[in-house]
Structures are given as structure tokens and as C-alpha cells.
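Dear colleague,

I am passing on the structure we spoke about, and my notes on it follow below. Please read them alongside the coordinates.

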Amino acid sequence: MKFMSAYKYLDMICRDMNDIGVSGYIEDMEKNPQGAYTVIGWQEDYRNLKHYRWIRNQIAHEIDVEEEDLCTQGDIEWIEDFYNRIMDCTDPLACYASIKRENSRKQSYSNERDNENTKEHKSNHCLRWIILSVITVSAVVYWLFLRGV
């Protein structure tokens, strides 16, 4: 019964996160497929969660299926470890959210820098235009002055 007990704790914490449980966690991973490219171990965690959900369903719904027939101590340890990773915010979804926030911050900073550069470029362009206009007007006035003399 250790597997089911560990799974129930994992399901409970997932339910606190998404109101569904482990299935909801799996769905959230499926909704963010780019996580597989940005979070190390994403695919392995995804496969393990699906596998352990299947084991849980076999134990809960099939006749004459026992924990000992389907899982090992290593499976129980993985579930307990995953639970702890959720508690420490080092699970795949937490890592992915952190990476997205960091990328968003970097993009925001980059956009601010680009806006500052654009403003500086516009002000330099405006200043050049004013200087060119003053020189042109001065040249015209000087030319008119010379013609009048």
C-alpha cells in the first residue's frame, strides 16, 4: 500500500495546484509542449507521471492486481521525490514558469533598451534637422545680404 499512499499525496498536492490532480498536471504539461525543449528532464517526468497514473488506475480498478505486481520501491521513491520537487518548486511546470518569467524580463529589458535607442535616434535626427535648417537659413540670408550690397 506504500505506492497508493505516495500516489495519493502526489495527487493531493497536484489537486491543490490545478483542482484536478496528477491528470491535471499531465494536461498542463501537454498544454506547454515547449517545456520539453527548455526544461531538463521534462519528457522523462511526463512519461513517468503517465506510467504511474496507469499503475494507480490498474491497482484501483482491476481485479486481482496488487501493488507488488506492478511497482517497485524505486517507483515509490520516484513519486516521493516528485512530490518533494513540487514542494521545492523544482518540478517541470515550476521550472518552465520560472524560465518564461526570466525570458519575459529579458525581453522587456531588451524592448526598453530598444525604445531608449529609438528615442535617442529620433532626438539625434531632430537635432540634425534643426542644425541643417539653421545653416541653410543662414546661408540664404548671407547670400541675400551679399546680393543686396
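Asp45 counts as buried, because its relative accessibility is 5%, and in this predicted model its side chain meets that of Arg85 in a salt bridge with an N to O distance of 2.5 Å. Asp45 lies in helix 4 and Arg85 in helix 6 (residues 73–87), so the pair ties together parts that are 40 residues apart in sequence. Arg85 is likewise classed as buried, at 18% relative accessibility.

A search of the whole structure gives three salt bridges. Another of them joins Glu30 and Lys50, whose closest N and O atoms are 4.0 Å apart; since Glu30 belongs to helix 2 (residues 22–31) and Lys50 to helix 4 (residues 42–61), this pair links parts that are 20 residues apart in sequence. Glu30 is partly exposed at 41%, and Lys50 is partly exposed at 33%. Asp11 and Arg15 also form a salt bridge, at 2.3 Å between the closest N and O atoms, and both residues sit in helix 1 (residues 2–18), four residues apart, or about one turn of the helix.

As for the chain overall, it has seven helices and zero strands, and buried residues make up 28% of its 149 residues. Of the contacts with a separation of 6 or more, 66% are between residues 24 or more positions apart.

How values were computed
Residues are numbered from 1 along each chain as its sequence is written. This is a predicted model: local features need pLDDT of at least 70, side-chain atom pairs count only at pLDDT 80 or more; totals for chains, interfaces and linings use all residues. Side-chain values use heavy atoms; hydrogens and water are left out. Helices (H or I, at least four residues) and strands (E, at least two) are DSSP runs, numbered from the N terminus. Buried means under 20% relative accessible area, exposed over 50%, partly exposed in between (1.4 Å probe, protein chains only). Contact means heavy atoms within 4.5 Å.
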